[in-house]
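Have the viewer open while you read.

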Amino acid sequence: MPEPASKPVAPSRRKAGRHRGEGQWAAGHFTPLNPNEQFKKDDDGLNVRTRIETVYSKRGFQSIDPQDLRGRMRWWGLYTQRKPGIDGGKTAILAPEELDDEYFMLRVRIDGGRLTTQQLRVIGEISQEFARGTADVTDRQNVQYHWIRIEDVPEIWRRLEAVGLSTTEACGDTPRVVVGSPVAGIAADEIIDGTPAIEEIHRRVVGNKAYSNLPRKFKTAVSGSPLLDVAHEINDVAFVGVRHPELGPGFDVWVGGGLSTNPKIGVRLGAWVPADEVADVHEGIVGLFRDYGYRRLRTRARIKFLVADWGPEKFRQVLEDEYLLRRMADGPAPEAPVHHWRDHVGVHRQRDGRYYVGFAPRVGRVDGTTLAKIADLAEAHGSQRVRTTVQQKMIILDVPEDRVTALAEGLAALDLAVEPSAFRRGTMACTGIEFCKLAIVETKGRGSWLIDELERRLPGFDEPVTININGCPNSCARIQVADIGLKGQLVTDDAGNQVEGYQVHLGGSLGLEPGFGRKVRGLKVTAAGLADYVERVLRAYQEQREPGERFAQ
Ligand code: SF4
């Protein structure tokens, strides 16, 4: 039997799995059971880079092998974008090649959301030169370009890599960007700094062919902030800062979170890990997922399905017995976050006496010119460090006290509010129909419009509220854990026409008591009626709430 392109390297002992029909490598199932497993076996996704550099970028879009185009190019952060003008009703009907534009989305991975002003400026320059000015800050701290031509990709890589950035495994069945607390190492209230762990995880697994053929995408989060600021509950693996009563600060390990069409909150393994062992445990879990993860059906391939079948006790046992070859210490759960907002927006004092200044672009939408101006502003006010957040926000670090006001004014002039309305602060949106081939409805523009409408209609509203807008059921914008989650779909309006609209989910949340919003039975709103609906919900909440009650309670 031929071996897969990326061979499993550990463990040496193999046991037949309980789910022989799930296509687990650990149970000896190396024969590909679906087209994705086949193309991954045919050639490692990382190998496509050479073909992009030597063939596709020179001969153009038409020269690209279809398996590379719709498969392996993701290993380098490239997706074809949606052909303009195709409405959402055709998304599920058309073949992939009919939806494909000849331009790409290109995702730059920004582990921990950590950027220097020099890196931010380069990102901005690439946006202006090669991406028609596009540059969206995503809810995983990345930046995404659109309108990228295959001919320009090698030059974009050269410029990114010259300043220490990359698109390596930004997409695909790989260890994706490691999200991290954007105020790691500087926050006055930090439990433990996760930065060295993120750097070591990146060094070990990113671009490593031992881990470049996973059953599906694999999302990691590391944060030592008491604000629980990385949405750890919905990552495949997360390391959350805790203080062990005897062993001191370290990380609590969570596995098996994820949203999309079958959402699950991660579970604790009950294990405490010191900072310098986080990368060992992470590598063990990635290896376990590679070997035991389900490869038969793409819809059951995320690690959350394995965790749900095994339970945390068995998962920890296999991890310790077969990958770590030692026991982990037992440890406590994280404490409840003290603030509802966990986005770091506003002006905050750092532990060194300087300040960090968090600000809110609208639904993560910025552009290359604005990013370059943010870099200029930061440097003009004494900073050389910028961060992105998992709420599609940004932060400038290390600002001396006497420069804070001028910086905030400079940001406001760029429409980047340091003291935004609750709506601008709390609204997120995925890419949507403008560029995404899976989308059914518009998201970014509508999110921006909704912010304007709510600011006008409810000018005094200052309660924390999260409004997350998705263009399809895939939940890239985390609709199930928002106070008001809006899942894009076609709905029927009063005149009986099929129009863009949203299924409403209410009352989702993250934190120590995370839960999914409930679908309000049959409640779908048309896009045209969206602002009216949200206004009604928020007014009813204002009028009927008990003292101290928050929207999500
Ligand atoms: Fe695309 Fe759907 Fe994800 Fe939005 S939620 S970016 S429409 S796949």
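## Helix α13 and its surroundings

Helix α13 (residues 444–457) has 14 residues and spans 20 Å from its first C-alpha to its last, close to the 20 Å expected at 1.5 Å a residue. That expected span is 1.5 Å times one less than the number of residues. Helices here (H or I, at least four residues) and strands (E, at least two) are DSSP runs, numbered from the N terminus.

Before going on, two housekeeping notes. This is a predicted model, where local features need pLDDT of at least 70 and side-chain atom pairs count only at pLDDT 80 or more, while totals for chains, interfaces and linings use all residues. Residues are numbered from 1 along each chain as its sequence is written.

Which residues of α13 are buried? They are Lys444, Arg446, Gly447, Leu450, Ile451 and Leu454. They sit on the same side of α13 because they cover an arc of only 155° around the axis, taken from the directions from the helix axis to the C-beta atoms. A residue counts as buried if 20 or more other C-beta atoms lie within 10 Å of its own, as exposed if 12 or fewer do, and as partly exposed in between, with C-beta atoms placed from the backbone. The buried residues of α13 pack against β14 (365–367), α12 (422–426), β17 (427–429), β18 (467–470) and α14 (530–544); contact is C-beta atoms, placed from the backbone, within 7 Å.

## Strand pairings

Pairing takes at least two DSSP bridges between the strands.

| Pair | Sense | Bridges | Facing residues |
|---|---|---|---|
| β6 and β7 (218–223) | parallel | 4 bridges | Gly180 and Val222 |

The hairpin of β19 and β20 has 5 residues between the strands, and Gly496 there takes a positive phi near 85°. Elsewhere, 6 strands make an open sheet with mixed pairing, in the order β6-β7-β8-β9-β10-β11. Its edges are β6 (175–180) and β11 (329–330), each pairing on one side only.

## Asp101

Asp101 is in strand β2 (residues 100–108). Buried or partly exposed? Asp101 counts as partly exposed, because it has 17 C-beta neighbours inside 10 Å. Setting aside neighbours within four places in sequence, Asp101 is in contact with Thr80, Gln81, Arg82 and Lys83. The C-alpha atoms of Asp101 and Lys437 are 9.3 Å apart, although 336 residues separate them along the chain.

Terms used
Contact = placed C-beta atoms within 7 Å.
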